[in-house]
Amino acid sequence: MTTSQPLQDPPVARKNDKSDKDLPLIQDIRLLGRILGDVIREQDGVAVFDVIEQVRQLSVAFRRDADAQADKALKKLLKALSADQTVSVIRAFTYFSHLANLAEDRHHIRRRTIRERAGDTQEGSIEVALSRLRWAGIAPQQIAQTLAESYVSPVLTAHPTEVQRKSILDAERDIARLLAERGDITERAQLYNAARDALTPRALAANEAQLRARVAQLWQTRLLRYSKLTVSDEIENALSYYDATFLREIPKIYANLERDLGQDNVHSFLRMGQWIGGDRDGNPNVSAATLREALQRQSEMALRHYLTEVHLLGGELSLSDHLVEVTPQMQLLADSSPDTNQHRQDEPYRRALTGIYARLAATLRELSGREAALHAVMPQNAYVNADEFLLQLRTIETSLQAHH
């Protein structure tokens with residue numbers, strides 16, 4: 001062990017500061033609540049909206065002011081509701097709760113971003129963990145070696161009693177994305193001392209129109225499942241989290257570790273796991289065919305992610321060999337590509353990536369029986385293993401670095 005600084009108190013992450021303003025959260029909740037109210041009024045009529053609003057106002061009065069009269073009036077109103085009115089009230093408050101949760105999640109992200117910009121760190125973050133290790137005199141090389149000998153596997157689970165639908169989750173993710181796009185005018189103005197960074201009124205209006213469409217979609221979508229999930233449904237639900245989160249965020253974790261540890265390559269110690277589709281513990285709905293389906297869908301999810309990334313990378317690497325040199329290995333990779341398009345003959349990286357895409361497409365077909373979405377050339381010569389794919393990516397990386 002080595003230490004590069006004098007011993008002192010270990011780094012302590014700053015806890016949530018009570019001085020953080022909650023006004024942006026209140027504004028987001030009010031915005032979503034107003035939109036939900038407008039949608040209910042438009043879709044189900046003023047009478048339904050008025051009943052829901054009565055319930056809301058009486059509930060607030062009883063909860064906030066301990067108003068006994070409001071309590072009595074609320075109970076009387078609820079008992080007098082028809083079955084259809086009761087369903088509308090339940091749906092309205094359920095959706096409002098979901099929307100408020102989205103606003104709270106957005107607020108937590110907003111406050112964390114502000115603290116990070118101010119140089120503060122958060123308990124549980126990689127930054128705090130590495131700071132404490134450095135304080136203890138543990139060298140980056142030793143941390144990297146420990147990670148190389150480690151294996152962390154968070155495991156996704158599933159239950160056939162899950163009633164929340166993927167359609168609802170997808171719509172709510174879109175609402176969360178739209179909230180993030182709006183940003184917060186007040187906090188941005190405070191941060192940059194200029195309001196120019198805020199969205200323009202026209203962009204805000206367009207954003208709100210999209211929010212309104214998504215909330216209307218929620219209101220018109222059945223909230224719960226009427227039938228039990230199949231194992232195939234469980235597999236698809238789990239894979240949706242990979243597409244929304246893991247495939248994009250896990251590489252960022254490795255990139256941050258490599259940057260903070262000064263390492264070119266941190267060992268792949270974090271690997272997501274799941275038993276969905278392979279729980280051979282007496283489940284009569286799980287068979288060899290189910291396990292095969294789960295593995296095929298998982299491989300398809302990973303390969304389609306790689307196909308998309310390779311396609312985007314090909315769009316970026318338009319480098320011409322009239323202007324830059326490439327390594328001999330890179331030239332061989334480009335020359336072995338089936339891409340004969342005359343417009344790309346001076347673009348070795350693009351030709352190489354077209355060939356890689358064709359091999360990935362063939363691998364996708366072989367492992368899942370599915371086809372890739374885009375084809376500059378026909379799928380051919382599937383990869384034997386992942387190392388073969390990685391070697392070609394390393395060839396591109398090495399050539400790029402060698403020639404600036």
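## Surroundings of Thr327

Apart from neighbours within four places in sequence, Thr327 has contacts (heavy atoms within 4.5 Å) with Thr398, Ser399, Ala402 and His403. This is a predicted model, in which local features need pLDDT of at least 70 and side-chain atom pairs count only at pLDDT 80 or more, while totals for chains, interfaces and linings use all residues. Residues are numbered from 1 along each chain as its sequence is written, and side-chain values use heavy atoms, with hydrogens and water left out.

Thr327 sits in the loop that runs between helix 11 (288-316) and helix 12 (328-335). Helices are DSSP runs of H or I with at least four residues, numbered from the N terminus. Thr327 counts as buried because its relative accessibility is 11%; buried means under 20% relative accessible area, exposed over 50%, and partly exposed in between, with a 1.4 Å probe and protein chains only.

## Confidence

The protein has a mean pLDDT (the predictor's confidence in each residue, from 0 to 100) of 86, and 90% of its residues reach 70 or more. Over residues 1-8 the pLDDT is below 50, and this stretch has eleven contacts in the model beyond near neighbours in sequence.

## Aromatic pairs

Five aromatic pairs are found in a search of the whole structure. Rings of Phe, Tyr and Trp (its six-membered ring) pair if their centres lie within 6.5 Å; planes under 30 degrees apart count as stacked, over 60 as edge-to-face and the rest as tilted.

One of the pairs is edge-to-face, between Tyr242 and Phe246, at 5.2 Å centre to centre with 70° between the planes. Both residues lie in helix 10 (residues 231-261), four residues apart, or about one turn of the helix. Tyr242 is buried, at 12% relative accessibility.

## A link between helices 11 and 14

Tyr306 and Phe389 also form an edge-to-face pair, with 5.2 Å centre to centre and 65° between the planes. Tyr306 belongs to helix 11 and Phe389 to helix 14 (residues 386-402), so the pair ties together parts that are 83 residues apart in sequence.

Tyr306 is partly exposed, with a relative accessible area of 39%, whereas Phe389 is buried at 9%. Together with Tyr383, these two residues make up one aromatic cluster.

## Arginines over rings

Arg41 lies over the face of Phe49, 4.1 Å from the ring centre. Arg91 lies over the face of Trp219, at 4.0 Å from the ring centre. A charge sits over a ring if NZ of Lys or CZ of Arg is within 6 Å of the ring centre and within 35 degrees of the ring normal.

Note on methods
Helices (H or I, at least four residues) and strands (E, at least two) are DSSP runs, numbered from the N terminus.
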